[in-house]
Amino acid sequence: MEIVIKRTLGGRELSITTGKIAKLAEGSVTVRYGDTMVLSTVCTSDTTRPDQNFFPLTVEYRERFYAAGKIPGGFFKREGRPRELETLNARITDRSIRPLFPSSLINEVQIINTVLSYDAENEADVLALIGSSSSLMCTNIPFHGPVAPVKVGKVGGSLVAFPTMSQLKESTLELFVVYLKAGVIMIECGSKEVTEAEVLEAIKFGRPIADEIISMQEELASKIKKTTKTYIYMPVTAELEKTVKEMAGGKLASIEKGTDKLARQAEVKKIKEETLAALLLKFPAGKNEINGCLEKLEEENVRKSILENKVRPDGRGMTDIRPIICEVGLLPRTHGSALFSRGQTQALVVTTLGTKDDVQYLDDLAGEAEKKYMLHYNFPPFATGEAKPVRGVGRREVGHGALAEKALAPVIPTQEKFPYVVNLVSDIVESNGSSSMASVCGATLSLMDAGVPITSPVAGISIGLIKEQSGWVTLTDIAGIEDHYGDMDFKVAGTAKGITAIQLDMKVEGISDEIIEKSLSQAKDARAIILEKMLSSISSPRADLSSFAPRIVTLKIHLDKIKDLIGPAGKIIKKIILETGAKIDVDNDGTVHVASADGVALQAAIDRIKEICREAELGATYTGPVKKVAEFGAFIEIFPGQDGLCHISELDLTRVKRVEDVVREGDIVTVKVIGIDEKTGKIKLSRKALMSDKGPSAGK
């Protein structure tokens, strides 16, 4: 039976429909807003893998090109591996719903979101999350939802719910907030140095709209006849938990605070191995259960120490930042480099400057686009002291790179001011928490080392949370163990002026506005400290680029000169490139970019271009040969490829009967430009204007 729930939100109709498409899935809905529509489905496995001790949730997001009436570009027309945007949108849904499943559930849960229609104005990422939550609500899967995402923009100083793509281009804020009834569970934000107060205002603005979306899902669920299914959980007995606590609880609690990551891991590993060996004699089939109890016990010890004793595993106070070391210019042949260390987290970030040839071309539902600023994040296994297979780029690496890229985007100079393609690569060479924010700091230093004139330096920090019924505490600059056993990873990046990016991930079912406000305030204080440390190593962008970086000079030529510069079949421009070694790019508006790391070659190419595209100046004097004689005047070449007409009346001070009486073809004549036709570009010359009354030969 088809069921449709509708509401008008943000001036457009939002509809959730079930019972029409993909009816064999456990849960299936289509969500439509404007003419953008997404199909969301959920299915679970009936069996589990042997010795499974984790909750296997997978979320997929796929955009079909047919949704926008397009055929994929390139040689391959079949849509294959997900593009970066699809990966990021899948992560948004995953991060929003994962905390709402029981961690002991071991049935595989798979959610697939497919964009079926796209109107180029209403984004599908919000609809995919609404659909994922709604499809789960149509099942008996143990899901503590629903969740309601709201995207908020700020256009012309006013907050806007679900801003269109055209509105987002003018917006100073793009805030993606996911709400529960109890609070906020996920935030993704990119902004142009907005204040903490503006972010809080936007979060509160979205709350009433989220309540409507939650109400829609609850109404939908109440009308569904759900199928019954038994789900499987990891078994743990009270007796085993008690025994593990008696044997290992005191040992884990007695680990000395302030011990570094590897030393602490070694102590914990030893205690766990000893406990496991002893307990396997009594519980021979319970290896997974014993390890689960040990993990839970360690988590309880860490959380209790922080919340009740106000002592963190590394001995810091609640708002203390780990020691920071900044170094720039450490790689001799790169265009810019920096090593940013915060405690045992270390990011090596390198800047490479390129030309238009290095632009990344994107092809997605919104159309083709060029990307001239990129930041890529890599996380090799040695960063955590481990030996693991090195695979392709994972979702986590894509997500962390996109966050750091977003954080720095507002301070990257415009192409008019700095006509380079900017590529940043952050290699995490040591990791103990908050490596994405270390990438932001390292990227800022690397850009300044490369001489990129960023408008302001950007720093990032992560705020953690330990929350129990007895109270809560927020932690500045969380280390890996605090991220692992804590309840929140609240990443905030920005300048001294304001916030440029936020990413909030939760492990509990939502946080209050009070916790958000406290976290933003703590992050602001921390950013100020980090920026001071960063600027002590390099106070501003270098005045000169690296000698290994290409120099780009931008010229502007008349539209009519483009064909002259390029030549037939590109003959002229190819010749200049071949002879000088410089790169030359010509835009349709007459902008010419000339690039070369060799200053001599660069100047040679510029001189050639200027010579070919040289334009006459009104009032200027030129000397050149007479190319043609007509009854009404002489055509004189004032510079190669450009001639003008010297009318018979402008040849001499006295009246001239025949042009040949004054000049003939091949004669070298000095003339003055007395007029340029704006429409046709025709040039009027005068020999007479340069003559005195001393005689007809004075201007020759």
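This is a short walk through the structure shown above, one region at a time.

The model is predicted, so local features are taken only where pLDDT is at least 70 and side-chain atom pairs only at pLDDT 80 or more, while totals for chains, interfaces and linings use all residues. Residues are numbered from 1 along each chain as its sequence is written, and side-chain values use heavy atoms, leaving out hydrogens and water.

Let's begin with confidence. The score called pLDDT gives the predictor's confidence in each residue, from 0 to 100. For this protein chain the mean pLDDT is 92, and 99% of the residues reach 70 or more. Residues 694-700 are a stretch to treat with care: pLDDT stays under 50 there, and the model has 14 contacts for them beyond four places in sequence. A contact means heavy atoms within 4.5 Å. Where pLDDT is low, the predicted coordinates should not be read in detail.

Now look for the helices and strands. Both are DSSP runs numbered from the N terminus: helices (H or I) have at least four residues, and strands (E) at least two. Find helix H5, residues 238-253, which has a kink of about 40° centred on methionine 247. The bend at a residue is the angle between two fitted axes, one for the seven residues ending there and one for the seven starting there.

Which residues of H5 are buried? They are Leu240, Thr243, Val244, Ala248, Gly249 and Leu252. Here, buried means under 20% relative accessible area, exposed means over 50%, and partly exposed is in between, using a 1.4 Å probe and protein chains only. An α-helix has 3.6 residues a turn, so residues three or four places apart point the same way. The buried residues of H5 pack against helix H6 (261-279) and helix H7 (287-307).

Valine 42 sits in strand E4, residues 36-44, and counts as buried because its relative accessibility is 0%. Among its contacts beyond four places in sequence are Ala25, Val109, Ile111, Leu136 and Ile141. Its C-alpha lies 9.8 Å from that of glycine 131, which is 89 residues away in sequence.

Cysteine 441 belongs to helix H9, residues 435-450, and is also counted as buried, because its relative accessibility is 0%. Its C-alpha and that of phenylalanine 340 are 6.8 Å apart, although 101 residues separate them along the chain. Phe340 is one of the contacts of cysteine 441 beyond four places in sequence, and others include Arg342, Val458, Ile530 and Met534.

Beyond four places in sequence, glutamate 219 touches Ile5 and Arg7.

Next, turn to the backbone in the loops. The peptide bond from glycine 145 to proline 146 is cis, with omega near 5°. You will find proline 146 in the loop between H2 and strand E7 (148-155). Alanine 569, in the loop between helix H12 (562-566) and helix H13 (571-580), is not a glycine, yet has a positive phi of about 60°. Alanine 569 is exposed, because its relative accessible area is 74%.

Phenylalanine 162 also has a positive phi, of about 50°, without being a glycine. Its loop runs between strand E8 (158-161) and helix H3 (165-170), and phenylalanine 162 counts as buried because its relative accessibility is 9%.

On a 1 Å grid over the protein atoms alone, a cavity is a set of points where a 1.4 Å probe fits but cannot get out, and lining residues have an atom within 4 Å of a point. The structure holds one cavity of 30 Å³ or more, and about 90 Å³ of space lies in the largest cavity. A volume here is the space filled by probe spheres set on the points, with grid points joined across faces, edges and corners. Helix H2, residues 124-137, gives the most to the lining, with three residues.

How values were computed. 1 Å grid on protein atoms, 1.4 Å probe; cavity = no way out; pocket = protein on both sides within 12 Å on 5 of 7 lines; lining within 4 Å.
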